[in-house]
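I set down here what I looked up in this structure, entry by entry. The sequence and coordinates come before the notes.

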Amino acid sequence: MQPMKYADLHRNIKIRIITDFFTDLTQKSIIPFMAIYLSVQMGAGWAGVLLTVNIVSSMIAGLGAGYWSDRIGRKKMMVIAQCVQVFALFWLAAANSPWLNSVELTCIMFFLSSLSSGITVPIAGAMIVDVSSEHERHYVYGLQYWTTNVAITFGALMGGLLFDSFRFILFSLVCMESLVTLFILLFFIQETMERTTKTGSVQTVAPVRRNMLKTYGSVLRDRKFMVFFTASVLAVSLEFQLDKYIAVRLKSEFSAQLFHWNISGLQMFSLILAINTVLVALIAIPFSKWMARFQSRSIMTVGMCLYTAGFAVLAFSNWALLLIGSAVLLTIGELMYSPVRQVLLAGMIPDSDRAAYMAADGMSYNVAALLGSLGLMIGAVLPSYAMASLYVIIGASALIFFRQSLRPSAEPSESLRCADAS
């Protein structure tokens, strides 16, 4: 089997990977710093309320967008969302310009921008599934993982340099990027809702005629998907421990020498993040190509074991070299399991409700974020070795559920297609 190349991908996928990179780059230069801005302007309490409302509203908008894009088309919904994004970012820039300084307008437009992002994410995910084969998805999701991490890194650097003193310039750049993305969506992206193969033939997939509640009710009754959803929540919840319990523990407990340099807990935490970023940037793409030759079950098993072991060590160890080794382990584990998770999701969702399933899957990250915050509270009571044991239990449970998702359905009438389960 020939290795995948970027040039071999469907035009929509190639365009989305490029536009998503620049969208992530610009969005991540704003979103992480908005909490600080809102806390200064409105107080921490109101800032927390607004951010919570934004997250919940984005989740609801994503569920609605997933439902409607399965009925009226991916491109239409994405264009509508992008028009809202351009409008919101234009006024966000205006509200922080030399001619106008309005906190209220900033809050409203940030809310609209969050809604637009919530609408776009599940539809973009469904669009990629529409025009890709299972063999291609290993490469596509590995490439997406790489571009997202690189964009987040450089976006955070750009925001750190511009957000405080040059906010108008930053928002203007983000608005221009959004306008270019809208132009590309209008004139270069093809509608994909009816395209299910890459053989040149178009197969119409008529959505099941039912309302939104019944649609998501059927998602909740889909046992295989809910097992997968549970596994995703457990796996991603470990990732959210990194900047919560693990960061707090290192700050309070860690102090050591590394090659004759004194390192504080915060410096160690920064080093762990740097190792993760550099490894992803250097090896994600060739690693994803190399993994495509192995079975999904094997990749998932080894990846989750490495991922879990890395977090377990970070939960209790204060030995610098062991912490560095664990950062390498969890990064390699994540590079293995994360793209396979996406391939598995793409293979199990029905054609008629792809975007709805993508929207439901997106909620796993919000639930995992809540568990991440809960882990910080539990860590205040439990000793570090107990937290490490808890991480092992969570990781092992996630692996068990993922492996169950990889099993072919025993029901002959099952209409959902499984990912590679050999």
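I began with Gln144, which lies in helix α6 (residues 134–162); helices (H or I, at least four residues) and strands (E, at least two) are DSSP runs, numbered from the N terminus. The model is predicted: local features need pLDDT of at least 70, side-chain atom pairs count only at pLDDT 80 or more, and totals for chains, interfaces and linings use all residues. Residues are numbered from 1 along each chain as its sequence is written, and side-chain values use heavy atoms, with hydrogens and water left out.

I looked up the accessibility of Gln144 and found a relative accessible area of 17%, so Gln144 is buried. Here buried means under 20% relative accessible area, exposed over 50%, and partly exposed in between (1.4 Å probe, protein chains only). Leaving aside neighbours within four places in sequence, I found Gln144 in contact (heavy atoms within 4.5 Å) with Ile17, Asp20 and Ile128.

I next took Phe183, which is found in helix α7 (residues 167–187). Phe183 has a relative accessible area of 47% and is therefore partly exposed. The buried residues of α7 include Leu170, Phe171, Val174 and Leu182. I noted that the buried residues of α7 pack against α1 (11–27), α2 (31–42), α4 (74–94), β1 (96–97) and α6. From its first C-alpha to its last, α7, with 21 residues, reaches 31 Å, close to the 30 Å expected at 1.5 Å a residue; the expected span is 1.5 Å times one less than the number of residues.

Helix α5 (residues 103–130) has 28 residues and reaches 41 Å between its first and last C-alpha, close to the 40 Å expected. I recorded α5 as mostly covered, with 21 of its 28 residues buried.

**Aromatic pairs**

How many aromatic pairs are there? I count 18 aromatic pairs, where rings of Phe, Tyr and Trp (its six-membered ring) pair if their centres lie within 6.5 Å; planes under 30 degrees apart count as stacked, over 60 as edge-to-face and the rest as tilted. Tyr67 and Trp68 form an edge-to-face pair because their ring centres are 5.1 Å apart and their planes at 85°. Phe225 and Phe228 form a tilted pair, 6.4 Å centre to centre with 35° between the planes. Phe225 and Phe228 are three residues apart in helix α9 (residues 223–239), so about one helical turn separates them. Both of these residues are buried. Phe225, Phe228 and Phe402 are among the members of one aromatic cluster.

I returned to Tyr67, which counts as buried at 8% relative accessibility, whereas Trp68, at 43%, counts as partly exposed.

**Nonpolar cores**

A nonpolar core is a set of buried Ala, Val, Leu, Ile, Met, Phe, Trp, Tyr and Cys residues joined through side-chain atoms within 4.5 Å. The largest has 78 residues, and those with the most contacts inside it are Phe225, Met304 and Phe402. Helix α13 (residues 320–348) gives the most to this core, with 13 residues. A second, separate core of 23 residues includes Leu50, Ala93, Val103 and Val174.

Not counting residues up to four places away in sequence, Phe402 touches residues including Phe228, Met304 and Tyr337. I also noted that Phe183 and Phe402 lie 39 Å apart in space, C-alpha to C-alpha, and 219 residues apart in sequence.
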